[in-house]
Amino acid sequence: MDTHKDPARSAGAGVAVPAKEKSPRGSGDRRGLKGSLAIGELDISTVPAAREPIDAELRRPDPGLKQVGGVSMKGPTRRRGKSRESIALVDAAADILREIQPATVRAVCYRLFVAGLIDGMSKTNTNRVSRQLVWGRESGAIPWEWIVDETREAERARRWSDPNAIITAAVSAYRKDYWSAQPYWVEVWSEKGTVRGTLAPVLNDYGLTFRVMHGYGSATAIQTIARETDATLKPLCVLYVGDWDPSGLHMSVVDLPARIQRYRGTATMHRVALNEADTSPGVLPSFGAATKAKDPRFKWFTERYGTQCWELDALPPPELRRRVQATVEALLDREAWEHMRKVEAAETENMGEFLRTWQATKSGQASICPSGTAHGGPNHG
């Protein structure tokens, strides 16, 4: 959904705070939140305000190395001195990521905000965190794979060095379609592609299809899905994850079901996150719906759901993954799933045996027919 300016103003929504003690704009009142965070609670007392430096060498220029723009051009990336505050922020982010990875930068920002280490979710704050996380990864303090950005992945045509390479890859990557023996056809949909990396462990484990609607899905995309559902007797169950705001809620509650039906398709929508329980007071940081006043669905939303909004990114990634996995498990025929696992293991072993035989045959041909020798016998020139 559209990035709002500063949800921090209402982060304490639902917490009893006298009207005369309202927080200043952007400060994000957090009184009462520490004891009421129901999901992925981060105890502020456990976050070091100024831990021992990650690595003193990483913050000190090395006179023996050439410096270009503050970066040493040899060995691990080094930068000129970082402030004590910046080091503490990177340390705290590393602790958070150790718990929730893989996660987006925005998810880290929400946890830092709840912990009181940044004063809001304004663009200024999130950009500052993003810059520090770049430094943290370049310095080696934070593993690169802990932070995901699925929106900028390169798209490459698959290429192979020789037939052996593609056959080997096919054997190692072989995966049985477990869903062919299941009573339901299950997919995960979201309005935002940034969540793909966060959900990757679950999507990969269960071989789930993930569709990004990119806001309101195009007519072509929705009609294609409807046509696919019409071509099978297996019911489609959509696990939807998205923001709780005017457009985010309208998409899953009204727009997608109506358009699938209009195109003569059938699907059941399960809104896994965010859901109504996430909007309970003090569970997650929120922001005023007034920031979405220009959204055409603003009136529809406020009349039905009130004056507060929540972002999907505010939900701790481990909780999001747990919910998707639990919902998938509830839809599975576990006996059929395990049977397919055994079939896959047997088929993979057969493919491996074929590969070993084929490689041995190729190796034998190479030894029998050295360079300059024809297959029919000695080369008499």
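1. A word on terms before we start: a residue is called buried at under 20% relative accessible area, exposed at over 50%, and partly exposed in between, using a 1.4 Å probe and protein chains only. By that scale Glu353 is partly exposed, at 42% relative accessibility, and Arg356 is partly exposed as well, at 42%.

2. A note on the model itself. It is a predicted one, in which local features need pLDDT of at least 70 and side-chain atom pairs count only at pLDDT 80 or more, while totals for chains, interfaces and linings use all residues. Residues are numbered from 1 along each chain as its sequence is written, and side-chain values use heavy atoms, with hydrogens and water left out.

3. Back to the pair from the opening point. Arg356 and Glu353 form a salt bridge (a side-chain nitrogen of Lys or Arg within 4 Å of a carboxyl oxygen of Asp or Glu), with their closest N and O atoms 3.0 Å apart. Both sit in helix H11 (residues 334-368), three residues apart, so about one helical turn separates them. Helices (H or I, at least four residues) and strands (E, at least two) are DSSP runs, numbered from the N terminus.

4. The structure holds 20 salt bridges. One of them joins Glu85 and Arg128, whose closest N and O atoms are 3.1 Å apart. This pair links distant parts of the chain, with Glu85 in helix H2 (residues 84-100) and Arg128 in helix H4 (residues 123-139), 43 residues apart. Glu85 is exposed at 55% relative accessible area, whereas Arg128 is partly exposed at 21%.

5. On pairing (two strands pair if DSSP finds at least two bridges between them), S3 has a parallel partner in strand S5 (residues 236-241), over six bridges. Within S5, Cys237 is the bridge partner of Val186. S3 also pairs in the parallel sense with strand S4 (residues 209-212), over four bridges, and there Val188 stands opposite Phe210.

6. Last, the cavities. On a 1 Å grid over the protein atoms alone, a cavity is a set of points where a 1.4 Å probe fits but cannot get out, and lining residues have an atom within 4 Å of a point. Helix H6 (195-206) and helix H10 (317-331) are the elements that give two or more residues to the lining of the largest cavity. Residues that line this cavity include Lys192, Thr198, Asp313 and Leu320.

Technical notes. On a 1 Å grid over the protein atoms alone, a cavity is a set of points where a 1.4 Å probe fits but cannot get out, and a pocket is an open set with protein on both sides within 12 Å along at least five of seven lines; lining residues have an atom within 4 Å of a point.
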